[in-house]
Amino acid sequence: GFAGNGNDMSLGVKTNIAGWEVVFAMASDGATTNEYSATKVGASGKVAGVKISGQMEMTSTGNTDTDFTYIDVQYALSANSMVDFATGGSSSGNTDSGFMRLAYAHNLSKSTRAHVGMRNSENRDDVISFGIRTKF
């Protein structure tokens, strides 16, 4: 879709290409001082039972540019369990950061799920999590 009001503008396109969902979006506030603009490109699809998703975002406010990249890979080990791996990073001015996440989830029943995971980040504390979620 497309939207515009005065100097504001936004555009978004989402389509399927050969079984992959592809997204492109951009926006700008059209300000004469400290203009904000953003562009996003992403894709998601399955290859041999592996779901792969990724996105890249570029934003700009005045003289500050920020880039963000994210990739996620999910693999179903069985009908009840899956492994998820994600990595990404961002860059803004002279500051770069990145992260990595690994998780395992197992459905114990239709209403109960157990998970364990860890996240490593350059600029934040590392996290290990585990738990059980159930529907009552």
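The structure holds four salt bridges, a salt bridge being a side-chain nitrogen of Lys or Arg within 4 Å of a carboxyl oxygen of Asp or Glu. The model is predicted, so that local features need pLDDT of at least 70 and side-chain atom pairs count only at pLDDT 80 or more, while totals for chains, interfaces and linings use all residues. Residues are numbered from 1 along each chain as its sequence is written, and side-chain values use heavy atoms, with hydrogens and water left out.

One of the salt bridges joins Asp72 to Arg101, with the closest N and O atoms 3.0 Å apart. Asp72 lies in strand 6 (residues 64-76) and Arg101 in strand 8, so this pair ties together parts that are 29 residues apart in sequence; strands are DSSP runs (E, at least two residues) numbered from the N terminus. Asp72 counts as buried at 7% relative accessibility, whereas Arg101 is partly exposed at 27%. Here buried means under 20% relative accessible area, exposed over 50%, and partly exposed in between (1.4 Å probe, protein chains only). Salt bridges that share partners join Asp72, Asp84 and Arg101 into one network.

A further salt bridge links the side chains of Glu57 and Lys40 (3.7 Å, N to O). Because Glu57 belongs to strand 5 (residues 50-61) and Lys40 to strand 4 (residues 36-47), the pair ties together parts that are 17 residues apart in sequence. Glu57 is partly exposed at 25% relative accessibility, and Lys40 is partly exposed at 31%.

A nonpolar surface patch of about 890 Å² is made by Tyr75, Leu77, Phe85, Leu102, Tyr104, Val116, Met118, Ile128 and Phe130. Such patches are made of residues with over 30% relative accessible area and no salt bridge, nonpolar side chains (Val, Leu, Ile, Met, Phe, Trp, Tyr) being joined within 5 Å; accessible areas come from the Shrake-Rupley method with a 1.4 Å probe, and for residues only the protein chains shown count as cover. Strand 8, strand 9 and strand 10 (127-134) each supply at least two residues of the patch. Phe130, in strand 10, is exposed at 69% relative accessibility. Leu102, in strand 8, is partly exposed at 40%.

The largest pocket has a volume of about 170 Å³. A pocket is an open set of points on a 1 Å grid over the protein atoms alone, where a 1.4 Å probe fits, with protein on both sides within 12 Å along at least five of seven lines; lining residues have an atom within 4 Å of a point. The volume is the space filled by probe spheres set on the points. Strand 7 (81-92), strand 8 (95-107) and strand 9 (112-121) give two or more residues to the lining.

Conventions: Helices (H or I, at least four residues) and strands (E, at least two) are DSSP runs, numbered from the N terminus. Patches are made of residues with over 30% relative accessible area and no salt bridge: like charges are joined within 9 Å, nonpolar side chains (Val, Leu, Ile, Met, Phe, Trp, Tyr) within 5 Å.
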